[in-house]
Amino acid sequence: MLFNSIKFAVFLPIVFLIYWFVVKRNLKRQNCFLLVASYYFYGCWNWRFLLLLIIISLFNYIIGIKIDRSLISKTRKIWLIIGLIINIGILGVFKYYNFFVESFIDLLSLAGYNLPKSSTQIIVPVGISFYIFLSLSYILDIYKKNLIANRNIIEVLLSLSFFPIILAGPIQRPSLLLPQIVKRREFKYDQSVDGLRQILWGLFVKIVVADELAPYVDNIFLNFSNYSGSTLLTGAIFYSIQIYADFSGYSNIAIGTAKLFGFNIMRNFAYPYFSRDITEFWKRWHISLTTWFRNYIFLPLSFTISWRIKGERVFFIKTEFFIYLVASVITWVLTGLWHGANYTFIIWGMIHGFFLILYQWQRKPRKRLFKKAGINNDHSLVIIIETIITMIIVMFAWIFFRAKSIHDAFAYIAEMVSPSLLKFPQIHPLRIAILISLFIYTEWIQRKKEHALQIEDIKNRFLRWGIYYLIVFLILLYGGEKQEFIYSQF
């Protein structure tokens with residue numbers, strides 16, 4: 001059931017009305033109803049994998065209690081390890097089995113042993129990367145005593161399968177969602193209205209921007225050898241905007257939907273393409289995933305490494321920077337691998353890791369250089385140049401993310417930077433340019449708001465409603481064949 005489908009447009013109002021008008025007086029009934037609705041929502045994708053979601057949730061419910069009840073540190077660690085092995089093992093089998101088997105066969109072929117490719121292809125359950133990360137954070141937070149294991153099975157299962165976030169996030173950790181589940185929720189008109197605005201904006205950027213760009217992007221990346229460098233550059237720009245509009249659109253719909261039921265879900269995007277450096281970009285892009293990797297991978301790794309290093313330098317590198325370097329490399333390889341079983345995703349992660357390390361390395365020298373040269377760090381020209389450089393880095397990395405293989409990515413880049421880069425693009429739809437400009441301009445003027453359609457400060461009622469009707473009109477005008485959200489594949 002896609003957020004941008006007629007089926008969801010029918011499902012959501014029905015759930016909303018039953019939730020607030022039938023079971024509103026009883027918290028237990030509300031939670032039970034939301035759990036049933038969440039399982040129905042997920043089951044619409046594939047009822048077979050609904051059973052997997054339920055089993056994983058029940059398993060982590062039990063593991064959480066076992067960890068919480070254990071008074072001996074060693075016993076707590078054993079239960080945690082069991083939980084980690086099962087969760088990561090399930091994710092590994094379903095998501096990476098095909099990848100590792102084919103990689104192993106390719107490796108053996110280099111040694112002269114030619115084995116037939118496996119005919120067994122495992123189907124990846126939709127949203128498995130997201131709900132496994134929810135499960136991992138649940139048991140890890142209990143182990144670290146940041147969360148007490150909840151004995152109410154309905155509340156725990158709901159925190160691990162809440163329908164607005166189950167398929168593609170935001171990754172609202174149970175430690176942040178459970179406190180909202182366990183207490184009574186009252187209908188708040190302003191919160192619901194803001195939720196509807198956020199849903200409307202999410203549908204707009206998905207249907208009118210992302211889905212309109214998709215055919216051009218698919219055509220250019222599929223037939224890149226037939227196009228000039230300027231057209232390939234256009235394709236890279238289009239994809240950068242498409243994936244942002246697609247995923248931020250999904251997140252806005254998810255967060256807005258949660259607001260309709262009295263829940264506050266963490267923000268996932270904060271206008272990332274207006275960032276002036278790569279570090280700032282990752283504070284604004286897919287915030288829930290970045291936070292997850294920082295809390296559960298990067299920081300624990302950094303602390304573990306720091307405890308094992310006694311000297312001031314390692315391989316002539318300052319210890320502090322060495323720790324950051326090692327933890328960053330591991331974190332970003334895993335971040336890339338999380339996105340999919342393809343070497344292109346690993347390269348994408350390593351590109352971002354490299355530039356984050358480079359930024360960290362040059363940060364202090366740059367500050368001294370600017371001070372010595374009398375350059376104001378907040379000068380408009382400096383901000384514009386740094387923002388453009390950051391966007392180029394991000395766009396360059398997106399080419400690997402979108403390409404089918406590393407070979408295709410390098411071939412695409414080679415064709416793009418050829419002399420034909422100076423030619424006029426072969427694809428130049430004026431309509432698309434107007435839509436992109438409208439999208440970017442709206443986000444720019446609303447960049448200090450949580451989402452771009454927070455226009456309640458416009459006092460002129462006719463103007464405000466005129467904007468709403470215009471967006472609805474554009475959604476209906478461009479709402480042809482519905483397309484899946486890009487990140488639901490992960």
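**Structural features of the predicted model**

Serine 38 is located in helix 2 (residues 27–43); helices (H or I, at least four residues) are DSSP runs numbered from the N terminus. The structure is a predicted model, in which local features need pLDDT of at least 70 and side-chain atom pairs count only at pLDDT 80 or more, while totals for chains, interfaces and linings use all residues. Residues are numbered from 1 along each chain as its sequence is written, and side-chain values use heavy atoms, with hydrogens and water left out.

With a relative accessibility of 1%, serine 38 counts as buried. Buried means under 20% relative accessible area, exposed means over 50%, and partly exposed lies in between (1.4 Å probe, protein chains only). Not counting residues up to four places away in sequence, serine 38 touches Leu158, Ser161, Phe162 and Phe163, where contact means heavy atoms within 4.5 Å. A polar atom of the serine 38 side chain lies 3.4 Å from the backbone oxygen of serine 161.

Helix 15 (residues 406–416) has the buried residues Ala409, Tyr412, Ile413 and Met416. Seen down the helix axis, these buried residues fall within an arc of 95 degrees, so they line one face of helix 15; the arc is that of the directions from the helix axis to the C-beta atoms. Their cover includes helix 8 (189–222), helix 9 (229–260) and helix 14 (380–402). The exposed residues His407 and Phe410 are carried on the face of helix 15 turned away from its buried side.

Salt bridges, each defined as a side-chain nitrogen of Lys or Arg within 4 Å of a carboxyl oxygen of Asp or Glu, number 15 by this rule. One of them joins the side chains of lysine 206 and aspartate 211 at 2.9 Å, N to O, and both of these residues are buried. Another is formed by arginine 431 and glutamate 212, with the closest N and O atoms 2.6 Å apart. This pair links distant parts of the chain, since arginine 431 is in helix 16 (residues 430–445) and glutamate 212 is in helix 8, 219 residues apart. Arginine 431 is partly exposed, at a relative accessible area of 37%, whereas glutamate 212 is buried, at 17%.

Arginine 276 forms a salt bridge with aspartate 378, and their closest N and O atoms are 3.5 Å apart. Here too distant parts of the chain are linked: arginine 276 lies in the loop between helix 9 and helix 10, and aspartate 378 in the loop between helix 13 (343–373) and helix 14, 102 residues apart. Arginine 276 counts as buried at 15% relative accessibility, and aspartate 378 counts as exposed at 53%. A network of salt bridges links Asp194, Arg197, Lys259, Glu450 and Glu456.

Some backbone features were found in loops. Glycine 169 and proline 170 are joined by a cis peptide bond, with omega about 0 degrees, and proline 170 lies in the loop between helix 6 (153–159) and helix 7 (174–181). Lysine 145, which is not a glycine, has a positive phi of about 65 degrees. This lysine 145 is in the loop between helix 5 (128–143) and helix 6 and is exposed, with a relative accessible area of 66%. Tyrosine 271 has a positive phi near 55 degrees. Tyrosine 271 is found in the loop between helix 9 and helix 10 (278–284) and is buried, at 4% relative accessibility.

Notes. Helices (H or I, at least four residues) and strands (E, at least two) are DSSP runs, numbered from the N terminus. A polar contact is a pair of N or O atoms within 3.5 Å; within protein, one must be able to donate a hydrogen and the other to accept it, and residues adjacent in sequence count only if both atoms are side-chain atoms.
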